There are 4 protein chains.
Amino acid sequence: MHEFRTRRRVEFVDTDMGGIVHFSRFMVFMETAEHLFLDALGFAADEQISDRGIAWPRVKVACEYRSPAHFGDVLDIELTVLRKGRSSITYGFRFGTDGRELAIGEVTAVCCELAPGRPPRSIPIPEALAARIDEAPRG
Amino acid sequence: MHEFRTRRRVEFVDTDMGGIVHFSRFMVFMETAEHLFLDALGFAADEQISDRGIAWPRVKVACEYRSPAHFGDVLDIELTVLRKGRSSITYGFRFGTDGRELAIGEVTAVCCELAPGRPPRSIPIPEALAARIDEAPRG
Amino acid sequence: MHEFRTRRRVEFVDTDMGGIVHFSRFMVFMETAEHLFLDALGFAADEQISDRGIAWPRVKVACEYRSPAHFGDVLDIELTVLRKGRSSITYGFRFGTDGRELAIGEVTAVCCELAPGRPPRSIPIPEALAARIDEAPRG
Amino acid sequence: MHEFRTRRRVEFVDTDMGGIVHFSRFMVFMETAEHLFLDALGFAADEQISDRGIAWPRVKVACEYRSPAHFGDVLDIELTVLRKGRSSITYGFRFGTDGRELAIGEVTAVCCELAPGRPPRSIPIPEALAARIDEAPRG
């Protein structure tokens, strides 16, 4: 699988005094869409693999804002796997509402092992998960 | 010590489309003031006590909002220790800006020991800390 | 109508370094449940009434935390109208997951008219809305 | 002026269950640093210019995360004006703590006029402000 779609509705707390969704919230929208994508593949974002926790810290994010989103808007979120590396995945995101494009983003997350008291250490993406993720065909 | 004062400036992200500080942010303002109070007594909010981490989960919070706060306002925050129990502390908070009262709040936090993989367990407030905290005289 | 139920799933960003949902997020969960309740009655939380915007600033909130919520938990949220006044509504909330009680809360919101450049002014709850809201029977 | 430095301390609410600062918070740290930079030049981020409000919506953001930040860390934040256009400013940011590099970011904000009920419209940066902002020399 290399594509996934989800929706979420803008909440009041997502907005700022400019009357629109605060730009930092799109970071959260991307992360949660990524977690739902992993779920759809049968993996929790905080999966335990043979007694070790894994996590996916971000190493790089970017977002371009094309049009503002407002309270109550239903966001159409499209996730695409742009690149699958040995330890990392780069996702692309498109946000729209009602046919209007809102934003496009890109996030690179690295699969890491968590051990108490130590910094996260990058590990290969678990095989069972890697086997279920494809890269999107280059356009 | 049973009183502590601090200040913080309202950030853009604290506001919502109503043009005022979102009510949930006062919860954060109270928590951070509490942490600065503990710091002033020489204790980190995530202190390690003989190899165990401690934490202060909240069991009860309340807040009354009297007047809205706006972007750029400098908030005067006054913390008072209302009650000190064996394991818990109840704090009172007053928020104002420029002499105008904004909100009053109350929070009860419980001193807990953290052990990996187990829920937090309440413990007596460490003696060295308890000795430095007084209850405010009842008014 | 005086009761409403909704669900939401805990997101990664809702958690803190204690490994549980940050207490301030329950404030957001309550607000959004309230907005969905108004929606179910046919009113947007930011309804326009004859050219004026209305809003529902909170004047009082309280919450008791009984058990921690974790990433991925599906929260069952139960809203009850405790009191309906001329301009205000007091809501009660119960949060649970998987049959375990997490938190109970109470929020009083006041119906206000917004005019540019002026502070919100309380107004009677619009009749069409008031007619659709009942108080819960006292238990 | 084309450089500005500020500091902020990581708050508990900035962290997530991974035990580190949530990546989305760096977006907020960048925005607030930008507002403090404008303040230092004598301009509020929500300045009124001859009866019209101005605002600075973001059109593009990016961030690379090099090392995690933790609760209580004091962040050293360095802002640089990379490009000053007619209506837009591109800022670069460097985050460190205790000599360790944490993250680097880039944000493009556009000067906009706000009129009630209409979407923000880009305008030239007010002259008095533009005169006080220099581009950093290309390195």
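These are my notebook entries on a predicted model, taken in the order in which I looked things up.

**Entry 1: confidence**

I began with the scores. The model has an ipTM of 0.94 and a pTM of 0.96. For chain A I found an average pLDDT of 94, and 99% of its residues score at least 70.

**Entry 2: chain A against chain D**

How many residues does each chain bring to the contact of chain A and chain D? I found 16 residues from chain A and 16 residues from chain D. I then looked up the area, and the two chains bury about 1600 Å² between them. Carbon and sulfur atoms carry 70% of that area.

I looked for charged pairs next. Polar contacts do occur, and I recorded six residue pairs, both residues of each at pLDDT 80 or more.

Which elements of chain A supply the side that touches chain D? Helix H1 (25-40) and strand E4 (58-65) of chain A each give at least two residues. E4(A) gives the most, with eight residues. I sorted the residues on this side of chain A by class and wrote down nine nonpolar, five charged and two polar.

**Entry 3: strands paired across the two chains**

In which sense does E4(A) pair with strand E4 (residues 58-65) of chain D, parallel or antiparallel? The pairing is antiparallel, over five bridges. I picked out one position to look at in the structure: Lys60(A) stands opposite Glu64(D), which lies in E4(D). As a reminder to myself, strands of a sheet pair through backbone hydrogen bonds.

**Entry 4: chain D against chain C**

I repeated the look-up for chain D and chain C. Here 10 residues of chain D are in contact with 10 residues of chain C. The buried area is about 850 Å², with 78% of it on carbon and sulfur atoms. I counted zero salt bridges between these chains. The count of residue pairs in polar contact is four, both residues of each at pLDDT 80 or more.

**Entry 5: salt bridges**

How many salt bridges does the structure hold over all chains? I noted 52. I looked at one in chain B, where the side chains of Asp14(B) and Arg25(B) meet at 2.7 Å, N to O. Asp14(B) sits in the loop between strand E1 (3-9) and helix H1 (25-40) of chain B, while Arg25(B) is in helix H1 of chain B. The two residues are 11 residues apart, and the pair links distant parts of the chain.

**Entry 6: the open sheet of chain B**

I traced an open sheet of four strands in chain B, in the order E2-E3-E8-E9 and with antiparallel pairing. Why is one side of strand E2 (48-49) and of strand E9 (121-122) of chain B left without a neighbour in the sheet? Both stand at the edges, and each has a single partner strand, so one side of each stays without a neighbour.

I then went along the sheet strand by strand. E2(B) and strand E3 (residues 52-55) of chain B run antiparallel and are joined by two bridges. Ile49(B) stands opposite Arg52(B) in E3(B), and the bridge partner of Gln48(B) is Gly53(B). The hairpin of E2(B) and E3(B) has two residues between the strands. In this hairpin, Ser50(B) takes a positive phi near 35 degrees.

On to the next pair: E3(B) and strand E8 (residues 112-114) of chain B are joined by three bridges and run antiparallel. Here Ile54(B) stands opposite Glu113(B) in E8(B).

**Entry 7: the open sheet of chain A**

I went back to chain A and looked for its open sheet. Four strands form it in the order E2-E3-E8-E9, and their pairing is antiparallel. Strand E2 (48-49) and strand E9 (121-122) of chain A are at the edges with a single partner strand each, so one side of each has no neighbour in the sheet.

Strand E3 (residues 52-55) and strand E8 (residues 112-114) of chain A pair in the antiparallel sense over three bridges. Ile54(A) stands opposite Glu113(A) in E8(A).

Definitions and conventions: Residues are numbered from 1 along each chain as its sequence is written. Chains are lettered from A and ligands numbered from 1 in the order in which they are written. Side-chain values use heavy atoms; hydrogens and water are left out. Contact means heavy atoms within 4.5 Å. Buried area is the accessible area (1.4 Å probe) that two parts lose on being put together, summed over both. A polar contact is a pair of N or O atoms within 3.5 Å; within protein, one must be able to donate a hydrogen and the other to accept it, and residues adjacent in sequence count only if both atoms are side-chain atoms. Ala, Val, Leu, Ile, Met, Phe, Trp, Tyr, Cys and Pro count as nonpolar, Asp, Glu, Lys and Arg as charged, and the others, Gly among them, as polar. Two strands pair if DSSP finds at least two bridges between them. A salt bridge is a side-chain nitrogen of Lys or Arg within 4 Å of a carboxyl oxygen of Asp or Glu. pLDDT is the predictor's confidence in each residue, from 0 to 100.
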